[in-house]
Amino acid sequence: MSPAAGARMPLLPGNKPVRRATVSGAVFNVSTSIIGAGIMSIPATLKVLGVIPAFLLIVIIAFLADVSVEFLMRFTHSGESITYAGVMRESFGQVGSVATQICVMITNLGCLIMYQIIIGDVLSGNGSSGTGHSGVLQEWFGIQWWNSRDIAILFTLVFIFLPLVLLRRVESLKYSSAIAVLLAVVFVGISSAMAIYAIFEGKTSNPKLIPSLDKQTSFFDLFTAVPVIVTAFTFHFNVHPIGFELGKPSDMISAVRISLVLCAAIYFSIGLFGYLLFGDAIMSDILVNFDKSSDSAMGALLNDVVRLSYALHLMLVFPLLNFSLRVNLDELLFPKKPLLATDTRRFVILTLGLLVFSYLAAIAFPNIWYIFQFLGSTSAVCLAFIFPGVIVLRDVHGISTRRDRIMATIMVFLAVVTSAIAISTNLYNFLGNKS
């Protein structure tokens, strides 16, 4: 019996039927899964690539993400599994399942740690790096014990993260996801308005339409921007949790396509206007640029609104990534145990353990740009493109068409080549900076 028939659909204890999720709720949850911290590094990719190549790359990655999700859903509903790791198990056995679970844990745990880093940067600043900056709370109230970085992140964890991660259905997060998407739009809207105003004031520089290769930027450095955008479009770990709460497989495909169009527009908008606003001074984390002193009180207020709106957005993205992280960790550690949502003790222990670990790791972590480069070059690329591609090529259900195999081959080839070049270039630059 195919899982599409709903044989193992209930996510809550007991035998009561669970109300189906809505397409609008799925759109909000998928969009929120996509628009995480990656949006802040998009303007830096325009600085590296230039406007036109960056736009084309965003479109290409969004298209390939849509194709890979369609592959995943089709093979899922042709088999018996209801998870990403289960689909890989059907094609490649236990090795495929474990590889998927490890990639999900690396990608999601890395993102959860980064979210807390960014929230700490916004609220309490980061004085430890060479480009240290103050946070909103410190600007408003001065440096106090209660607005220190550790306390601010801990407060967020206890009063915002914890209540949301204790929810047991993805559909329950649709309202917080809707708010998260709205906050991202606010972030983009204000940034765009500030950039347009700066253009009329003559305070912007002409953006590079194509990459400029010089002593600081080599040809291979261009490939380091690819995994950043790949990571920004990696949401495949939540395809199954969100999709199996919907009534029909086609509903998930529609929700994904709407979300990809929306998110691609948001990414390019913030990339273009952020680059116009700050030019070559753009940093790997654009929120850092918004802490600069403004010429007016209104400008300072807008800077704070932008920073706070996106910090709150990340707070609401956190539970969605935690959801699939927790499920995959449980599936890896306790493969023969009952469904996680039916075991309160195991559910609470895993939830609290992940929160504590991510908090401890977040209080001292390196530059966000390097994190996104390495995550995007490895686990995120596997989840987004390599694993869906090899599932199609393996074709254990005999449903792949010639077009599917061609697309899968292209997808896997491009992912492997660009990832290998990006990893090599990142390592070379990292070691070169340390020497």
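**Figure 1. Overview of the predicted chain and its contacts.** Residues 24 or more positions apart account for 84% of the contacts in the chain with a separation of 6 or more, a contact meaning heavy atoms within 4.5 Å. This is a predicted model, in which local features need pLDDT of at least 70 and side-chain atom pairs count only at pLDDT 80 or more, while totals for chains, interfaces and linings use all residues. Residues are numbered from 1 along each chain as its sequence is written, and side-chain values use heavy atoms, with hydrogens and water left out. The secondary structure comes to 16 helices and zero strands, these being DSSP runs numbered from the N terminus (helices H or I, at least four residues; strands E, at least two). Of the 435 residues in the chain, 56% are buried, where buried means under 20% relative accessible area, exposed over 50%, and partly exposed in between (1.4 Å probe, protein chains only). The accessible surface of the chain comes to about 18,500 Å², and 69% of that surface belongs to carbon and sulfur atoms; accessible areas come from the Shrake-Rupley method with a 1.4 Å probe, and for residues only the protein chains shown count as cover.

**Figure 2. Close-up of the nonpolar surface patch around α5 and α6.** The patch is formed by Trp-140, Phe-141, Trp-145, Trp-146, Ile-151, Leu-154, Phe-155, Val-158 and Phe-159, which together have about 980 Å² of accessible area. Patches are made of residues with over 30% relative accessible area and no salt bridge, like charges being joined within 9 Å and nonpolar side chains (Val, Leu, Ile, Met, Phe, Trp, Tyr) within 5 Å. Helices α5 (136-141) and α6 (149-165) each supply at least two residues of the patch, and the largest share, five residues, comes from α6. Trp-145 is found in the loop between these two helices, α5 and α6, and is exposed, with a relative accessible area of 68%. Trp-140, Phe-141 and Trp-146, which belong to the patch, also form one aromatic cluster.

Figure 3. The structure holds seven aromatic pairs, rings of Phe, Tyr and Trp (its six-membered ring) being paired if their centres lie within 6.5 Å, with planes under 30 degrees apart counted as stacked, over 60 as edge-to-face and the rest as tilted. One of these is the tilted pair of Phe-155 and Phe-159, at 4.6 Å centre to centre and 40 degrees between the planes. Because Phe-155 and Phe-159 are four residues apart in helix α6, about one helical turn separates them; Phe-159 is exposed, with a relative accessible area of 55%. The rings of Phe-161 and Phe-318, by contrast, form a stacked pair, because their centres are 3.8 Å apart and their planes at 5 degrees. Phe-161 lies in helix α6 and Phe-318 in helix α12 (residues 297-333), so this pair ties together parts that are 157 residues apart in sequence, and both Phe-161 and Phe-318 are buried.

Figure 4. The structure holds ten salt bridges, each defined as a side-chain nitrogen of Lys or Arg within 4 Å of a carboxyl oxygen of Asp or Glu. Among them, Arg-149 pairs with Asp-121, the closest N and O atoms being 2.8 Å apart; Arg-149 lies in helix α6 and Asp-121 in helix α4 (residues 84-124), so the pair ties together parts that are 28 residues apart in sequence. Arg-149 is buried at a relative accessible area of 17%, and Asp-121 counts as buried at 9%. A salt bridge also joins the side chains of Arg-169 and Glu-245 (3.4 Å, N to O), linking distant parts of the chain, with Arg-169 in the loop between α6 and α7 (174-200) and Glu-245 in the loop between α9 (239-243) and α10 (249-278), 76 residues apart. Both Arg-169 and Glu-245 are buried. Asp-304 and Arg-307 form a salt bridge whose closest N and O atoms are 3.4 Å apart, and both lie in helix α12, three residues apart, about one turn of the helix.

Figure 5. Val-396 is found in the loop between α15 (379-394) and α16 (402-434) and is partly exposed, with a relative accessible area of 39%. Leaving aside neighbours within four places in sequence, Val-396 is in contact with Phe-75, Glu-90 and Ser-91. Val-396 and Ser-91 are 305 residues apart in sequence, yet 6.0 Å apart in space, C-alpha to C-alpha.
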